[in-house]
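Subject: Structure handover, salt bridges

Hello,

Please find the structure below. My notes on its charged side-chain pairs follow.

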Amino acid sequence: GDGVAVALTGTEYRVLRYLMSHPDKLLSKSRHTEHVYEGDHHRDSNVLEVYVRRLREKIGTEYIETRRGQGYLFRSRP
């Protein structure tokens, strides 16, 4: 990127870190939710969509791809 620092919440960071640690691999929503909310109680798939949307606003839309009904994919080369 252009070296601009972006402030992320703890959960946004965990979502992004999980995506980036599996570049170009499709990650299902359920795997995401298990990873991001370990032992947490709001395991609602819509919550994940909200975080992905916020991340897109912060880092750009070209990095995170949504596969309808399947999950999300982080592109190593957008």
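K58 is partly exposed, at a relative accessible area of 33% (buried is under 20%, exposed is over 50%, partly exposed is in between; 1.4 Å probe, protein chains only). This is a predicted model, in which local features need pLDDT of at least 70 and side-chain atom pairs count only at pLDDT 80 or more, while totals for chains, interfaces and linings use all residues. Residues are numbered from 1 along each chain as its sequence is written, and side-chain values use heavy atoms, with hydrogens and water left out.

K58 forms a salt bridge with E12, with 2.8 Å between the closest N and O atoms (a side-chain nitrogen of Lys or Arg within 4 Å of a carboxyl oxygen of Asp or Glu). E12 lies in helix α1 and K58 in helix α3, 46 residues apart; helices are DSSP runs of H or I, at least four residues, numbered from the N terminus. E12 is buried, with a relative accessible area of 1%.

E12 also forms a salt bridge with R54, where the closest N and O atoms are 3.9 Å apart. R54 is in helix α3 (residues 45-59) and E12 in helix α1 (residues 10-20), so this pair ties together parts 42 residues apart in sequence. R54 is partly exposed, at 35% relative accessibility.

A further salt bridge joins E49 and K29, with the closest N and O atoms 2.3 Å apart. This pair links helix α3 to helix α2 (residues 29-36), across 20 residues. E49 is partly exposed at 31%, as is K29 at 25%.

Through shared partners, salt bridges join E12, R54 and K58 into one network. The structure holds five salt bridges.

Regards

Terms used
Helix = DSSP H or I, 4+ residues; strand = E, 2+ residues; numbered from the N terminus.
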